[in-house]
Amino acid sequence: MEGTRTLREIVEQPEAWAAAMRSFGAAAPEVARLFRERDPDEVIFTGCGSSYYLSMTAAASMQSVAGLRARAVPASEILQYPGSVFVPGSRPLLVASSRSGTTTETVRAVEVARRRGIPTLGLTCTSRSPLARQADISVHSPKGREESVVMTKSFSSLLLLSLLLAADRAGSSALRGELRRLPVLGRRIVKAALTLCADLGAGESRFVFLGGGPAYGIAWEAMLKMTEMAQRPAVAYHPLEFRHGPIAAVGPETVAVLFGSRAGARLEADLAGDLRRSGAMVVSLQDDWRGNADVDVNVALGVRLSDEARCLLYAPFAQALAYHRAIGAGLDPDFPRDLTYAVHL
Ligand code: F1P
């Protein structure tokens, strides 16, 4: 049957998260030593495709919870424009994520960093990979590896590793406690996502994904999933940026999915109203149902998590929506057109 692998891997996510947690726990002392010895004043997260998008969420979370300067940069930029990434005199640490551990740009970005004496940490689903060999330390997502070309459980389990890293750097037992709840919460969320998304957007042709702060990376990942699996036009923006031009192209053929936050709840609710008035079908995901009542589909997760931890639970909705729209269009999500498991240059 079409899409069986992808569907299975979406469902397997909570198990992969639990395994990633154990794996991070085992590696934590070594990671702490690297930070202690090298004392970085900045963390640069990198990767390609989904691994770059998870880096965006990781960087936003690291900086806001640990107060450590952090940003995400596509691995290709490190290769081509290292001078625009690394600041002379600073002490960065590079965190490179890659499911395969073989993507050329990511492996080469680690080589570039090493040549500059920059410490490197790899996050990967493949422990015996060029990335794992190149990086000073690598942390493994043991159940994140997929058969499918598109990244689902690898994305969320690598993201979880990076959030655990942020919680560790922050010394935040609150965030650690939240992350520990995710495997159990995930089972209910994955089921809910697959049910909710079965027909959602089946009649619409364009998708807009909006998320701010840590959810910005999730919005991009949702855009990528829709593009890869369902080959539907999709864009991603920071929520309030959307009024600055892109809203002009919204109409009844548009589904706007808002990955809501606590931090921006009120302004995001106003935006949802404007999107609706522009004719879009508005789907709002947040923790609390009171966040956005005036929308077409109101998904209240009811999980009482911080914006950083809740991001991980948004991923299954992004994946399920793209999966169902691919199946609905007669496409096989397991074999997206012109894509390979990893890009080798
Ligand atoms: C990254 C990636 C995937 C994308 C595509 C090619 O791979 O860009 O996100 O879906 O299939 O590879 P990796 O570096 O995480 O292995």
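Predicted model: local features only at pLDDT ≥ 70, side-chain atom pairs only at ≥ 80, totals over all residues.
Q: OK, how far is the polar side-chain atom of S98 from an oxygen atom of the ligand?
A: The separation is 2.7 Å, which means the pair falls within the 3.5 Å cut-off.

Q: And R99, which part of that residue faces an oxygen atom of the ligand?
A: A polar backbone atom of R99, at 2.7 Å from a ligand oxygen.

Q: What about S100?
A: There an N or O atom in the side chain lies 2.6 Å from an oxygen atom of the ligand.

Q: How much of the ligand does the protein bury?
A: The protein buries 94% of the 390 Å² that the ligand exposes when taken alone.

Q: Which residues come nearest to the ligand?
A: S51, S98, S100, T103 and E228, out of 15 residues around the ligand.

Q: What's the shell like by class?
A: Seven polar residues, six nonpolar and two charged.

Q: And which pocket is that space?
A: The ligand takes up the space of the largest pocket.

Q: Switching topic: how many disulfides in the whole structure?
A: Zero, from a search of the whole structure.

Q: Is C197 buried or exposed?
A: C197 is buried, at 2% relative accessible area.

Q: And C311, buried or exposed?
A: C311 is buried as well, because its relative accessibility is 0% and buried means under 20%.

How values were computed. Residues numbered from 1 in each chain as written. Heavy atoms only, no water. Disulfide = S-S within 2.5 Å. Buried < 20%, exposed > 50% of the residue type's maximum accessible area, 1.4 Å probe, protein only. Near = heavy atom within 4 Å. Polar contact = N/O pair within 3.5 Å; in protein donor to acceptor, adjacent residues only side chain to side chain. Areas by Shrake-Rupley, 256 points an atom, 1.4 Å probe, with all protein chains shown as cover. 1 Å grid on protein atoms, 1.4 Å probe; cavity = no way out; pocket = protein on both sides within 12 Å on 5 of 7 lines; lining within 4 Å. Sits in = over half its atoms within 2 Å of the grid points. Nonpolar A, V, L, I, M, F, W, Y, C, P; charged D, E, K, R; others polar.
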